[in-house]
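The following exercises are to be worked with the sequence and the coordinates at hand. Each task is followed by a solution in steps.

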Amino acid sequence: LCTIDVKHSAALRPAKMQRQVFDMGWDVQAAAYAEGVVWCEEHMSGGSAFHMEHYILATNSLELGMRPIARRLAPAYMEIGKRRWAKAQGVWQRCLESNLWPGYDEDPIEPSYYLVRTQIEIGGAPAEFSEEDIEP
């Protein structure tokens with residue numbers, strides 16, 4: 001059994017892709033997918049044993065005719081992902097229980113200066129924004 005995760009990435013060389021997997025949390029996603037597959041197997045199909053691998057199918061430009069690559073996520077990376085996933089679930093559970101979400105601003109998300117600037121330049125800025133409202 002395998003899962004396939006389709007990604008768009010400019011980092012297709014092995015050394016760069018190794019870092020991309022970690023930086024983007026693809027190993028954590030793989031662990032979450034694996035956990036979901038295990039849960040389904042245990043609860044929906046009688047708990048049969050199986051071997052699972054996770055593949056990342058990545059491309060940087062299908063438009064330019066570049067073929068995607070498929071790389072198996074190594075067992076060591078799956079283990080790293082499982083540990084990061086377990087830690088994330090623990091943080092999530094504590095936040096749910098306390099309703100405290102550290103590191104997150106309570107204020108609404110505002111559009112960036114550059115987004116508003118671009119919108120003003122092309123004449124499509126929301127009515128509530130003007131030149132005076134934006135600061136670099």
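The model used throughout is predicted.

**Exercise 1. The chain as a whole**

Determine the order of the elements from the N terminus on, and state what percentage of the residues in the chain is buried.

Solution. 
- Step 1: The chain contains four helices and three strands.
- Step 2: Read from the N terminus, these elements follow the order β-α-α-β-β-α-α.
- Step 3: Of the 136 residues in the chain, 22% are buried.
- Step 4: The chain exposes about 10,200 Å², and 58% of this area is supplied by carbon and sulfur atoms.
- Step 5: Among contacts with a separation of 6 or more, 59% are between residues 24 or more positions apart.

**Exercise 2. The second largest pocket**

Identify the residues that line the second largest pocket, and divide them into nonpolar, polar and charged.

Solution. 
- Step 1: The volume of the second largest pocket is about 170 Å³.
- Step 2: Its lining consists of Pro-14, Met-17, Gln-18, Val-21, Ile-56, Arg-71, Arg-72, Leu-73, Ala-74 and Tyr-77.
- Step 3: Two elements, α1 (14-23) and β3 (69-72), each contribute at least two lining residues.
- Step 4: The largest share, four residues, comes from α1.
- Step 5: By class, the lining holds seven nonpolar residues, one polar and two charged.

**Exercise 3. Lys-7**

Is Lys-7 buried or exposed, and with which side chains does the side chain of Lys-7 make polar contacts?

Solution. 
- Step 1: Lys-7 lies in strand β1, which spans residues 2-8.
- Step 2: The relative accessible area of Lys-7 is 13%. Buried means under 20%, so Lys-7 is classed as buried.
- Step 3: The side chain of Lys-7 makes a polar contact of 2.6 Å with the side chain of Gln-29.
- Step 4: A polar contact of 3.4 Å joins the side chain of Lys-7 to that of Asp-5.

**Exercise 4. Asn-99**

Where in the chain is Asn-99 found, and is Asn-99 buried or exposed?

Solution. 
- Step 1: Asn-99 belongs to the loop between α3 (75-98) and α4 (113-121).
- Step 2: Its phi is near 55°, a positive value in a residue other than glycine.
- Step 3: Asn-99 has a relative accessible area of 59%. The cut-off for exposed is over 50%, and Asn-99 is therefore exposed.

Notes. Residues numbered from 1 in each chain as written. Predicted model: local features only at pLDDT ≥ 70, side-chain atom pairs only at ≥ 80, totals over all residues. Heavy atoms only, no water. 1 Å grid on protein atoms, 1.4 Å probe; cavity = no way out; pocket = protein on both sides within 12 Å on 5 of 7 lines; lining within 4 Å. Points joined across faces, edges and corners; volume = space filled by probe spheres on them. Nonpolar A, V, L, I, M, F, W, Y, C, P; charged D, E, K, R; others polar. Buried < 20%, exposed > 50% of the residue type's maximum accessible area, 1.4 Å probe, protein only. Polar contact = N/O pair within 3.5 Å; in protein donor to acceptor, adjacent residues only side chain to side chain. Contact = heavy atoms within 4.5 Å. Areas by Shrake-Rupley, 256 points an atom, 1.4 Å probe, with all protein chains shown as cover.
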